[in-house]
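Thanks for making time this morning.

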Amino acid sequence: MNATQKVIRTTCPYCGTGCGVKALVSPTGAIEICGDDEHPANFGRLCVKGAALAETLTEEGRLLHPKVNGARADWETALRLVADRFRETIAAHGPDAVAFYVSGQMLTEDYYVANRLMKGFIGSANIDTNSRLCMASSVAGHKRAFGADVVPNVYEDLETADLVLLVGSNLAWCHPVLYQRLEAAKARRPDLRIIDIDPRRTATSELCDAHLALAPGSDVALFLGLLTYLDRVGACDHDYVARHTSGVETALAAAKPWSIGDVARATGVVASEIEALYALFATRERVVTVYSQGVNQSVHGTDKVNAILNCHLFTGRIGKPGSGPFSVTGQPNAMGGREVGGLANQLACHMELDDPHHRAIVQSHWRAPTIADRPGLKAVEMFDAVRDGRVRAIWIIGANPAVSLPQADVVRAALAACPFVVVSDAMEHTDTTALASVVLPAQAWSEKDGTVTNSERRISRQRALRKGVGESLPDWRIICRVATLMGFEGFDYQTPADIFREYAALSGRLNHGARDFDISVHEEATQADYDRLAPFQWPSRKGARKSSEAKRFFGRGGFFTPDRRARLVATPYVAPAPHEQHTPFVLNTGRIRDQWHTMTRTGVSPRLSRHIAEPFVEIHPADAEALRIAPASLVRLSNARGAVVLRALVTERQRRGAVFAPFHWTGLLASAARVDALVGAATDPVSGQPGLKEARVTVVPFPAQWFAFALTREKPTSIAADYWALARTRFGWRIALARLKAPPDLRGFTQALLGWRDDDVIASAEDRARGACRFVATRNGRAQGLLIASTQPVAAARDFLVDGFDDAQPAFRLLAGGPAAQADRGGAICICHGVGAKEIEAAIARDAAPSVDSIGRATRAGTGCGSCRPEIHRLVKAAARHGATPAQAV
Ligand SMILES: Nc1nc2c(c(=O)[nH]1)N[C@H]1C(S)=C(S)[C@@H](COP(=O)(O)OP(=O)(O)OC[C@H]3O[C@@H](n4cnc5c(=O)[nH]c(N)nc54)[C@H](O)[C@@H]3O)O[C@H]1N2
Ligand SMILES: Nc1nc2c(c(=O)[nH]1)N[C@H]1C(S)=C(S)[C@@H](COP(=O)(O)OP(=O)(O)OC[C@H]3O[C@@H](n4cnc5c(=O)[nH]c(N)nc54)[C@H](O)[C@@H]3O)O[C@H]1N2
Ligand code: SF4
Ligand SMILES: [Mo]
């Protein structure tokens, strides 16, 4: 840091860990990013995505002004059109004919005004958030058990526990800083036991003492077995159960039939591993169970949640230091959205739609003409209603449902046919903005101001670091202007602080401890207070002495049910339906380390695009062999709903009978990799959350005859291939391609793809024996484009070519017969220091006693943000098992 730089403290816009970020802003506007050592979520750490934030602050691809039917429009015209069309639709078809689909990436202030407009002024509850796809089963499970949606514990409990279970949670890649805190705790206290419960082995498993690769969807059986085991061995906390719970008999009755043998049969895990897990749970005093999408994204998600909560309640292990169930939130403000009422079945500030007293409180606080009194459409239902014409005008804010929602092809068609679609987004081109009648440019992270809540109920400020690009405006302001144009009064907030103050006051209104969510201590916050606001946890009740406010909930009961007791819920196990012959594989979906959702932001970063540059599917070697799928070949996954084509990653980390594919790739970045096109509309009956990890598919080789890898400076305008995937590089784009038949005119094909001009110098080399051909185009002595084609999947050191592309030398060396071996560093592992798998393997081979730390000293890998440490660990372990083996790219 230098003296001219201004320090602005803000919060990372990615995962729900909610790390504090320190931005160093120079007078020139240049921005450097580092971790905020004072923020209690991360104490200075950042993962690779947080560390690369500065790189995403480009104007490239941003939406700079409003557009109506594809043409530039001014704000007044665009907003008036939105207001008029919504008003007309409501007048003609009633308030339920309009809907908002919003996002856990909105700030709380944005959410508050959107919710107030829909539920208090339009008078419908048709506002739902993408958190329906993410947290709805945790919300429903919490409400069933606790009477309110509360995460009882705090992050430090992960560090002080004796046993941590990670259920359906790839923490190493999805909450990397929490994982690092856990890793550091284990290094300090090797006796801390960590068990991973996930059908596939992930980077997270590397730290764990055991990995239980249970059958997909069998979690309820595992936790029913645990409950009955705990009862049998006398691990019940009788005092806690008697004083603070009800329903224990029914829950136990549902669990009784589950012997360890039954659990082994249902989960496919050997009995001894199950028994070892149960014994640890019974005997370790402090236990934390972390869970996320492997639990929530299931048609039995709410039962999975309650099956876990039951075991914690039964043993009194909740809301105590080092003990409790811990649902970790995904998005930066998924938690804030739950608090403010962004779900179609909530009101605001954890108040309920079906409670007349709550409705009266909210309506009067909102000075609202009406108040919705029944739940609106939940995400999947909302798009069904768009499809069948019940919803005739929809406003999508901060989400990309044409990629991320189940039945994505149906969603796309529904939006294309909908009479009026408004999309507020920061980016110009997304799969969803392509379907909009009106697109509105939203300010993005670094430009806007507001608050977010992380997984441990901690509210932090996001602060503007610079002016908004183009004509973009903050979401709250866009929503308020539309509300005003619709004729509604009271949307004249001047700053987010005005909204925050009103919100804080609502949380405390007629509360007196009856409701969990309370931040009324801030109800009189001035602009200056808001500007200074330091991260704080709720509850933060007005008038309560700080010391009297427990940091955790429920350690001594005090649930939010009418009798103040928690409910143990009977959770019968429903085995997944037997496989249909034509769709024999379970399609599990999720995330990778360096990309965020539909890649609209992380996809612009060359550094983040490097770790995994192509959509892929993990498949077990035995399944691959039976289906004649070679490593790195292309495969087609399909079912009645759709099809995708992905690169095969053959790995024993995957179970037989199941495949895993990330859901990040969009229609803009790959020919056919929107995996949500394959996911069905079935949802959990309690929460309405879809089974995003439970689709069924068939898997076959994709019969490509021709393959290519290309680098270009300019993004191709069209790609004449049956398969393609694009990724950003420092100097342009990398493209993987395949065709069912070789292009008849390879030179012409290459010229069109790479955008050659006639005056470019073209060099080429052909290897007829291997059916390979290489082209390099240069302009003024600098590489312009490169293409390697082959009748086999192209085996080239891709990162090496990417790195050397600019000066064209490596490309020419390649033409001369392939890259120098010593220069090929292998697939990217450490992004901070640019260390590849082959360099790490070489260092491991040289090291007498290799460890993650010694390899870090030798190569610097893993010594930056630390996100790659689990992968280095895997390479160290693999070398110990087999001697040095070549690492796979993923
Ligand atoms: N890098 C990165 N980090 C992110 C995100 C991102 O896009 N990229 N997104 C953020 C968001 S919004 C979210 S919600 C979180 C999600 O964070 P996670 O929930 O950790 O991520 P996922 O990869 O969706 O799924 C977790 C695991 O569930 C497993 N699973 C699948 N089926 C089952 C099952 O039946 N039982 C069990 N026990 N496990 C199963 C999968 O194999 C997978 O490893 O990540 C957040 N962090
Ligand atoms: N198969 C499968 N599908 C899944 C999941 C899965 O695990 N498997 N996970 C689900 C989960 S947990 C989640 S959370 C969802 C995520 O799915 P989405 O939320 O639909 O995905 P994002 O790419 O995060 O979309 C956010 C959009 O908001 C835009 N944006 C960024 N900043 C701003 C801003 O400040 N204002 C506005 N207005 N827009 C902005 C971005 O450019 C982007 O287009 O996906 C769900 N879908
Ligand atoms: S763990 Fe990474 S992505 Fe998540 S908040 Fe922290 S820096 Fe951001
Ligand atoms: Mo999520």
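**Ligand 1**

Let me begin with the shell around ligand 1, whose residues divide into 11 nonpolar, 15 polar and eight charged, where Ala, Val, Leu, Ile, Met, Phe, Trp, Tyr, Cys and Pro count as nonpolar, Asp, Glu, Lys and Arg as charged, and the others, Gly among them, as polar. Please keep in mind that this is a predicted model, in which local features need pLDDT of at least 70 and side-chain atom pairs count only at pLDDT 80 or more, while totals for chains, interfaces and linings use all residues. Residues are numbered from 1 along each chain as its sequence is written, chains are lettered from A and ligands numbered from 1 in the order in which they are written, and side-chain values use heavy atoms, with hydrogens and water left out.

Which residues come nearest to ligand 1? Of the 34 around it, they are Asp198, Gly217, Asp219, Ser292 and Gln595, a residue being near a molecule if one of its heavy atoms lies within 4 Å of it. Turning to polar contacts, which here are pairs of N or O atoms within 3.5 Å, a polar side-chain atom of Asp198 lies 2.6 Å from an oxygen atom of ligand 1, and a polar side-chain atom of Arg591 lies 2.7 Å from an oxygen atom of this ligand. Ile592 takes part through its backbone instead, with an N or O atom 2.8 Å from a nitrogen atom of ligand 1. On its own ligand 1 has 910 Å² of accessible area, and the protein covers 99% of that, as computed by the Shrake-Rupley method with a 1.4 Å probe. The shell draws at least three residues from each of domain 3 (135-327) and domain 4 (574-695), the bounds coming from an automatic or database domain assignment.

Ligand 2 is surrounded by 33 residues, the closest being Gln105, Asn130, Asp425, Lys448 and Thr598. In the side chain of Asp425, an N or O atom is 2.6 Å from an oxygen atom of ligand 2, whereas for Asn400 a backbone N or O atom lies 2.7 Å from an oxygen atom of the ligand. Thr589 places a polar side-chain atom 2.8 Å from a nitrogen atom of ligand 2. Taken alone, ligand 2 exposes 920 Å², of which the protein buries 99%. Its shell divides into 11 nonpolar, 15 polar and seven charged residues, and at least three come from each of domain 2 (67-131 + 335-548) and domain 4 (574-695).

Strand β12 (residues 287-291) pairs with β13 over four bridges, and Val290 has Phe326 in β13 as its bridge partner.

The open sheet of three strands, in contrast, is antiparallel, with the order β1-β2-β3. Within it, strand β2 (residues 20-25) and β3 pair over five bridges, and the bridge partner of Ala23 in β3 is Ile33.

Conventions: Polar contact = N/O pair within 3.5 Å; in protein donor to acceptor, adjacent residues only side chain to side chain. Pairing = 2+ DSSP bridges. Helix = DSSP H or I, 4+ residues; strand = E, 2+ residues; numbered from the N terminus.
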